[in-house]
Amino acid sequence: DAGVIQSPRHEVTEMGQEVTLRCKPISGHNSLFWYRQTMMRGLELLIYFNNNVPIDDSGMPEDRFSAKMPNASFSTLKIQPSEPRDSAVYFCASSWTGKDGYTFGSGTRLTVV
Amino acid sequence: DQQVKQNSPSLSVQEGRISILNCDYTNSMFDYFLWYKKYPAEGPTFLISISSIKDKNEDGRFTVFLNKSAKHLSLHIVPSQPGDSAVYFCAADIGGGADGLTFGKGTHLIIQP
């Protein structure tokens, strides 16, 4: 398996633009998590899905953020409109039981100028 | 409010010596703890875990100790090797990790030759 695949690896966009981050989880995993990493706050859980259903989105910072999982092999995290403070590394992770760790993707480094 | 705290942003250890990374938590409901390792430009990778019913778990050079009364866990790496230089994240969860892990901010371990 190729692991959790995230795209793009890097994204630079202007303030106000829409940004879409993509994630392909490991085949067979039934849980998917979106995390954001910043220097100030470390790794924060934004939202997670079980069997493609959003379970907890309490970590999503604002209504500008939305996430979807239309099927078991694909998820998106959208920011509209983007702001400079959204600049961070966004990680997607997937798991089967949740135990013994999630498998993380390599992340998307987002820079909003 | 940070429920998982890693109070040392960085730690420098000589090659061959023991590295000890510390983590404190505040939520007494946490029953599962994990350590992740992260290299630059990569996602975190699972290293070792421990259930709250144990006080020690060992895997090769890595040992995690849990002190529930003190709400403290530590990761010991013996002997430290240059490839161990990375950021180490402590994570905790309730009920097996299916609903999202809570991470600390990480400790940057530097192994000096």
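A pocket is an open set of grid points with protein on both sides within 12 Å along at least five of seven lines, and its lining residues have an atom within 4 Å of a point. In this predicted model, the second largest pocket is lined by 22 residues, and L43(A), E44(A), L45(A), Q3(B) and T102(B) lie nearest its centre. The space in this pocket amounts to about 540 Å³. At least two lining residues each come from β4 and β5 (42–50) of chain A and from β10 (102–103) of chain B; β5(A) provides the largest share, four residues. By class, the lining comprises ten nonpolar, six polar and six charged residues.

The largest pocket holds about 620 Å³ of space. Its lining consists of 28 residues, with Q37(A), M39(A), K38(B), V87(B) and F89(B) closest to the centre. Two or more lining residues are given by each of β4 (31–38), β9 (88–95) and β11 (108–112) in chain A, and by β9 (86–93) and β11 (107–112) in chain B. Eleven of the lining residues are nonpolar, twelve polar and five charged.

Attention now turns to the backbone. Most peptide bonds are trans, and most residues other than glycine have a negative phi. A cis peptide bond, however, links S7(A) to P8(A), with omega about -10°; P8(A) is located in the loop between β1 (5–7) and β2 (10–13) of chain A. Another cis bond joins V78(B) and P79(B), with omega about -15°.

Although not a glycine, N51(A) has a positive phi of about 50°. N51(A) is exposed, its relative accessible area being 53%. A41(B), likewise not a glycine, has a positive phi of about 65° and is exposed at 57% relative accessibility.

Technical notes. Residues are numbered from 1 along each chain as its sequence is written. Chains are lettered from A and ligands numbered from 1 in the order in which they are written. This is a predicted model: local features need pLDDT of at least 70, side-chain atom pairs count only at pLDDT 80 or more; totals for chains, interfaces and linings use all residues. Side-chain values use heavy atoms; hydrogens and water are left out. On a 1 Å grid over the protein atoms alone, a cavity is a set of points where a 1.4 Å probe fits but cannot get out, and a pocket is an open set with protein on both sides within 12 Å along at least five of seven lines; lining residues have an atom within 4 Å of a point. Grid points are joined across faces, edges and corners, and a volume is the space filled by probe spheres set on the points. Ala, Val, Leu, Ile, Met, Phe, Trp, Tyr, Cys and Pro count as nonpolar, Asp, Glu, Lys and Arg as charged, and the others, Gly among them, as polar. Buried means under 20% relative accessible area, exposed over 50%, partly exposed in between (1.4 Å probe, protein chains only).
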